[in-house]
Amino acid sequence: MNAFKAYKACVPIAWSPNLYITLVRGMPGTRRLHRRTLEALRLRKCNRTVMRWNTPTVRGMLQQVKRLIVIETEEMFKARKQKEETHRALRPPLVISHKPPSLTDAL
């Protein structure tokens, strides 16, 4: 178990006012009731994230489809997005000049 999953396992979801829900498994082959629940949560495509209020109704819906989704608190979601941004920013952009070399540069 990596550190992020261990952190997710110990954070109580009930403490957060907002929940960020990501669909990580596809809907084909699931029960009709589960598909209807995902539609009610407005999760239509894989790897899409929605924000919902943390209410008992929403938590009951999430309990129904827990094998298809990942639930994060607001702090966990922001930390993951920040980590992804820093990971992408490690390499500087490659700049290529397409100007022909001038005679003064060659001498």
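Q: Is Glu84 buried, exposed or partly exposed?
A: In this predicted model, Glu84 counts as partly exposed, because its relative accessibility is 27%, which falls between the limits of 20% and 50%.

Q: And which salt bridges does Glu84 form?
A: Glu84 forms one with Arg80, where the closest N and O atoms are 3.4 Å apart, and another with Lys81, where the closest N and O atoms are 3.9 Å apart. The latter distance is still counted, because the cut-off is 4 Å between a side-chain nitrogen of Lys or Arg and a carboxyl oxygen of Asp or Glu.

Q: Where do Arg80 and Lys81 sit relative to Glu84 in helix H4?
A: Glu84 and Arg80 are four residues apart in helix H4, so about one helical turn separates them. Glu84 and Lys81 are three residues apart in helix H4, and here too the separation is about one helical turn.

Q: How many salt bridges are there by this rule?
A: The count comes to three. Besides the two that Glu84 forms with Arg80 and with Lys81, there is a salt bridge between the side chains of Arg80 and Glu72, at 2.9 Å from N to O.

Q: What about Glu72, buried or exposed?
A: Glu72 is buried, with a relative accessible area of 1%, whereas Arg80 is partly exposed at 23% and Lys81 is partly exposed at 35%. As for why such groups can pair at all, side chains of opposite charge can do so when their charged atoms come close.

Q: Switching to the sheet, what is the strand order?
A: The sheet is open and has three strands in the order E2-E1-E3, with antiparallel pairing. Strand E2 (49-53) and strand E3 (69-73) are at the edges with a single partner strand each, so one side of each has no neighbour in the sheet. From one strand to the next, the twist averages 30°.

Q: How many bridges join E1 to E2, and how many pair E1 with E3?
A: Five bridges join E1 to E2, which run antiparallel, and strand E1 (residues 18-23) pairs with E3 over five bridges, also in the antiparallel sense.

Q: Which residues are bridge partners there?
A: On the E3 side, Tyr20 has Glu72 as its bridge partner and Leu19 has Thr73, while in E2 the bridge partner of Thr22 is Thr49. Glu72 therefore takes part both in a bridge with Tyr20 and, by the cut-off of 4 Å, in a salt bridge with Arg80.

Q: Which helices pack on E1, E2 and E3?
A: Helix H3 (residues 56-64) lies across E1, E2 and E3 and runs at about 25° to E1. Helix H4 (residues 74-88) also packs on the sheet, where it touches E1, E2 and E3, and its direction makes about 100° with that of E3.

Q: How many residues of E1 are buried?
A: Six of the six residues of E1 are buried, so the strand is largely enclosed by the rest of the structure. Asn18, Tyr20 and Thr22 point one way from E1, and Leu19, Ile21 and Leu23 point the other way. In a regular strand, side chains alternate between the two faces of the sheet.

Q: What is Thr22 in contact with?
A: Thr22, which lies in strand E1 and is buried with a relative accessible area of 9%, is in contact with Asn47, Arg48, Thr49, Leu68, Ile69, Val70 and Arg80, leaving aside its neighbours within four places in sequence.

Q: Last topic, the largest nonpolar core: which residues touch the most other members?
A: Of the 13 residues in that core, Leu38, Leu43, Leu62 and Ile69 touch the most other members. The elements that give two or more residues to this core are E1 and H3, and the largest share, three residues, comes from E1.

Q: And what does Leu62 touch?
A: Not counting residues up to four places away in sequence, Leu62 touches Leu19, Ile21, Leu41, Ile69 and Ile71.

Technical notes. Residues are numbered from 1 along each chain as its sequence is written. This is a predicted model: local features need pLDDT of at least 70, side-chain atom pairs count only at pLDDT 80 or more; totals for chains, interfaces and linings use all residues. Side-chain values use heavy atoms; hydrogens and water are left out. Two strands pair if DSSP finds at least two bridges between them. Axes are lines fitted to C-alpha atoms, for helices over the stretch in contact, and angles run from 0 to 180 degrees between N-to-C directions. Contact means heavy atoms within 4.5 Å. A nonpolar core is a set of buried Ala, Val, Leu, Ile, Met, Phe, Trp, Tyr and Cys residues joined through side-chain atoms within 4.5 Å. Buried means under 20% relative accessible area, exposed over 50%, partly exposed in between (1.4 Å probe, protein chains only).
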